[in-house]
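Welcome, and thanks for taking a look at this one with me. Here are a few points to read alongside the model.

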Amino acid sequence: MAAIKTCNMIKTVSPSALKRVVSTSATSRNTTTPSAFVLEQERTATCPFKNILNTKPLWRNESQISRDIPAASSELKSFEEIPAPKGLPIVGTLFDYFKKDGLRFNKMHEAYKKRAIEHGPIYKEKIATISTVVVSDPHEYSKVIRSEGRYPIRREMEPIAHYRRQKNLDLGLVNDKGENWYKLRTVTAPKMLKMKEVLDFCGPMNDVGNDFVAHLADVRQSNDEVVGLEKELFKWAFESIGTFLFEERIGCFSKPTPTKAQQFIDHLQEFFKYLQPLMFNVPIYKLYPTKLWKKFEYHSDAVFQLGRYFINKRVAELEKTVQLPSASKDVASEQRVPFLTYMLSQESLTTDDALSTAVDILAAATETTSNAMLWTLYCLAENSEAQQKMYEETKAVLGDSKDINAENISKLTYVKAVLKEALRKYPISWATSRITQEDMEVCGHHIPAGTHIQANLYGMFRDEKLFPDNDSFKPERWLKDSKMDATLKGLSSLVWGHGARMCIGRRFAEQEMHIALTKIVQNFNLQYEREPIHATLNTVMTPDRPLVIKFEPRSL
Ligand code: HEM
């Protein structure tokens, strides 16, 4: 497989505004002064990407790659000189995505990889109204991480933001910016990212996991195949996040699935399906409601109404049984109260803020974790050796016990490596991004403030130079004693984004997935006997057709 080209530094321009930025980045790479070094350490102390920030530049010694960071601003190349595919005025490269055998919006991950191979570690592209710079060099992207500031900005998910504005709804945690976003984030983060808080949910997630394997055993056909696995995993994901938000079970595994839960799941899947083409196409929907927009709007209405239904139902129950704290007296994040109770008690949030955030979390949690699980089960079903190693680890750590708790979960190191490797091969969030807030230098080019810049995650993960034998599923890459460069080990975090705006559900998602995967492998031997599956984008990366896996019971 061809590897992505890497930076070649050349001549030119000296935008004086960049002096400060360039000299910082040049120093941090080469002759670090004590003060710059201290600054660097302070900035990276809590960053999950710190390995990349703190180690020497990648590939410095590799013969294929001759690149050097310019020593002075006079060597900087301009933004205009960033390589770019040819496009037309106004529409840019839009038609490349409609040509027969051309690129496709539902294969953007492949498009980014192809463009990077053609144009190198940095290229820019304008697709209709969207202009973006794509970086495929982990070290270079780390500069973007370092400069993201107190209020990092991601590009809006335009169709969602447009929908919310039209309906007079708050933009919410996912789309809001600046102080508004910060207010929501600082209230939510302690409850969702503190390890102690998340470990408290090990018990309830263990119960959800037990019920899920019983459910899988039940829905298996006579030949052990589970047909409609994606729907079953959606139920699991919804049950898991519901348990976290409400500290009450939704009952998704009962027969039949409760109508409202099934409706929420169905509408959410359609919502993500229509979101993908709307995000990249010309936003005509802002002028008049296209057919596609109407479908998206229909499913958005349903997701919002059903999300509100679940939340309001729980609030009404809580009001009957417990005294909801008054909004003038914040409940501390360590207090053991349901997430909703905690949110509603926060003085800094309006009731609408609290409810919008809960709907955001319901929606953000379901499609993501169910697809991450689908890919991981697919990888395991295709790799009996990895599956066996994982089974042996579960036996060694848990014996015959069904209980995963705050203590033994930390010992499931191979399980964790399995998830990382599955997300390397199939990064459900295939690119991560920021809008730059200051002028900076990346790959020797001037990047003005306000540029939308993305890390080409799929391209990096599938780069043979970075991950040798990258078509193979090798969880061992991620184990502590593996020989993989520590810098590259840090790359696995990027599927969760980075810095102050990293996925707020990361800890929760990892825990629920580690538990469910462990239980599945404890109970079943997985087999996949059909044609290889490929990836397509329904906003997140999903299998391009229904995945049918055999769940053969293990004799315990
Ligand atoms: C496999 C599972 C998941 C993956 C790979 C994933 C990935 C991501 C990524 C890449 C971002 C953007 C971060 C950034 O810009 O730096 C994000 C944001 C977010 N995620 Fe997740 N996510 C997952 C599961 C979840 C779950 C389970 C929840 C809720 C419990 C959740 C809630 C959110 C929210 C609310 C945001 C917006 C945060 C903000 O902008 O402050 N995600 N996620």
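Is the crossing of α11 and α20 right-handed or left-handed?

1. The crossing of these two helices, α11 and α20, is right-handed. Please keep in mind as you browse that this is a predicted model.

2. Now for the geometry of that pair. Helix α11 covers residues 229-246, and its axis comes within 11 Å of the axis of α20, the two crossing at roughly 130 degrees. Angles over 145 degrees count as roughly antiparallel and 65 to 115 as roughly perpendicular, so α11 and α20 are oblique to each other.

3. Which residues make the contact between them? From α11 come Trp236, Ser240, Ile241 and Phe244, while α20 brings Phe508, Glu512, Met513 and Ala516. Sorted by class, the contact of α11 with α20 has six nonpolar residues, one polar and one charged.

4. Helix α20 also packs against α15. The angle here is about 35 degrees, and the axes of α15 and α20 are 11 Å apart. This crossing, too, is right-handed.

5. On the α15 side, the contact is made by Thr369, Ala372, Met373, Thr376, Leu377 and Leu380. Facing them from α20 are Ala509, Glu512, Met513, Ala516, Leu517, Ile520 and Val521. The classes in the contact of α15 with α20 come to ten nonpolar, two polar and one charged. If you look back at the contact with α11, you will meet Glu512, Met513 and Ala516 of α20 there as well.

6. Let us turn to the ligand. There are 27 residues around it, and those that come nearest are Arg154, Arg185, Arg434, Arg501 and Cys503. By class, the shell divides into 17 nonpolar, six polar and four charged residues.

7. Which helices each supply at least two residues of this shell? They are α7 (172-175), α8 (178-193), α15 (351-382) and α20 (506-523). Helix α15 gives the most, with six residues.

8. Leu173 takes part through its backbone, where a polar atom is 3.4 Å from a ligand oxygen atom.

Methods. Residues numbered from 1 in each chain as written. Predicted model: local features only at pLDDT ≥ 70, side-chain atom pairs only at ≥ 80, totals over all residues. Heavy atoms only, no water. Near = heavy atom within 4 Å. Polar contact = N/O pair within 3.5 Å; in protein donor to acceptor, adjacent residues only side chain to side chain. Helix = DSSP H or I, 4+ residues; strand = E, 2+ residues; numbered from the N terminus. Nonpolar A, V, L, I, M, F, W, Y, C, P; charged D, E, K, R; others polar. Axes fitted to C-alpha atoms, helices over the stretch in contact; angles between N-to-C directions. Parallel < 35°, antiparallel > 145°, perpendicular 65-115°, else oblique. Left-handed = near helix turned anticlockwise from the far one by under 90°. Contact = heavy atoms within 4.5 Å.
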